[in-house]
Amino acid sequence: MTDLGLRLTVDGPVARVVLDRPEVRNAQTPAMWRALAEFGTTLPSEVRVVVVSGEGPSFSAGLDRRLMMGENADGEEPLLALGAKPAAEVHETIASFQAGFSWLRRPEFVSIAVVQGHAVGAGFQLALACDLRVVTPDARFSMREPALGLVPDLGGTKPLVELVGYSRALEICATSRWVEAGEARELGLANIVVPAEELAGTVKDLSEALLTPLAGAVRETKGLLLDAADRTYDEQLKAEREAQQRRLKDLLATLG
């Protein structure tokens, strides 16, 4: 996938996604999103951690500027061209873009965004698609879409509200302002802020810690937490009972 600006690898239980276009601060394209969606569907079942990072000093500056400015780039139509197409086609196209992000929330694994420098627009939404975010002190987040007359449409709105609440999410999006690393940690956007020289070691330690519990237990727990906000308390209790029943059955089977 290097011709698309991606490095996608699987090493046992750990998969890695590296945005590899440092010359344009890892600006993204629809071709990259389609490749990410395909990568997600082909992950081996033994993968338990997915690490998403960017090559160079920036995580991602968002959508490739040429596509933002209405130019054709690498065979891709400008985003504004969608405005002239039938609604059903627009929805289908955007759904294919969203699939490059949404697979990172699946309960089979825990996803970690490793953010240095800029995480703008699609870059911010890619970080939000991950379960956890480890960032450096120079990390800066901005939801730039509203400033361009657009809405965030790559799945970032729901996790943003879940993390910071409705009013703060609205303020961040409507102003398109920068959220620096310190504030990101205070708001819950960043789980860990570490110096750049400690980033690799911290991500390695976190990945190993996530691999320690049994895979089934982590998968079921993530599923419970992901859907908790959409359930009543009684519904959540029921979901916990059902998940525990499955775990006990699986554990008993391993003893047999």
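Contact here means heavy atoms within 4.5 Å. This is a predicted model, where local features need pLDDT of at least 70, side-chain atom pairs count only at pLDDT 80 or more, and totals for chains, interfaces and linings use all residues. Residues are numbered from 1 along each chain as its sequence is written, and side-chain values use heavy atoms, with hydrogens and water left out.

**View 1. Gln-236 sits in helix α10 (residues 233–255).** Helices (H or I, at least four residues) and strands (E, at least two) are DSSP runs, numbered from the N terminus. Gln-236 counts as buried, at 12% relative accessibility. Buried means under 20% relative accessible area, exposed over 50%, and partly exposed in between (1.4 Å probe, protein chains only). Leaving out residues up to four places away in sequence, Gln-236 touches Leu-224, Asp-227, Ala-228 and Arg-231.

**View 2. Six strands make an open sheet with mixed pairing.** Their order is β1-β2-β3-β4-β6-β9. Two strands pair if DSSP finds at least two bridges between them. The edges belong to β1 (6–11) and β9 (192–193). Each has a single partner strand, so one side of each lacks a neighbour in the sheet. Helix α1 (residues 30–41) packs on this sheet and touches β1 and β2 (14–19). The direction of α1 makes about 10 degrees with that of β1. Axes are lines fitted to C-alpha atoms, for helices over the stretch in contact, and angles run from 0 to 180 degrees between N-to-C directions.

**View 3. β1 and β2 form a hairpin.** Two residues lie between the strands. Gly-12, in the turn, has a positive phi of about 60 degrees. The strands run antiparallel and are joined by six bridges. Leu-6 has Leu-19 in β2 as its bridge partner. In a regular strand, side chains alternate between the two faces of the sheet.

**View 4. β4 (residues 110–115) and β6 (residues 132–135) pair in the parallel sense.** Four bridges link the two strands. Val-115 stands opposite Val-135 in β6. Helix α4 (residues 122–129) packs on the sheet here, touching β2, β3 (49–54), β4 and β6. The direction of α4 makes about 145 degrees with that of β4.

**View 5. A three-stranded open sheet runs in the order β5-β7-β8.** Its pairing is mixed. β5 (118–120) and β8 (179–180) are the edge strands, each pairing on one side only. Helix α4 packs on this sheet, touching β5 and β7. The direction of α4 makes about 95 degrees with that of β5. Strand β7 (residues 140–142) pairs with β8 in the antiparallel sense over two bridges. Phe-141 has Val-179 in β8 as its bridge partner.

**View 6. Leu-189 lies in the loop between α7 (181–187) and β9.** Leu-189 is buried, with a relative accessible area of 1%. Setting aside neighbours within four places in sequence, its contacts are Phe-124, Leu-128, Arg-133, Leu-160, Leu-163, Val-164, Val-179 and Ala-184. Leu-189 and Phe-141 are 48 residues apart along the chain, and their C-alpha atoms are separated by 9.4 Å.

**View 7. Val-161 belongs to helix α5 (residues 157–164).** Val-161 counts as partly exposed, at 37% relative accessibility.
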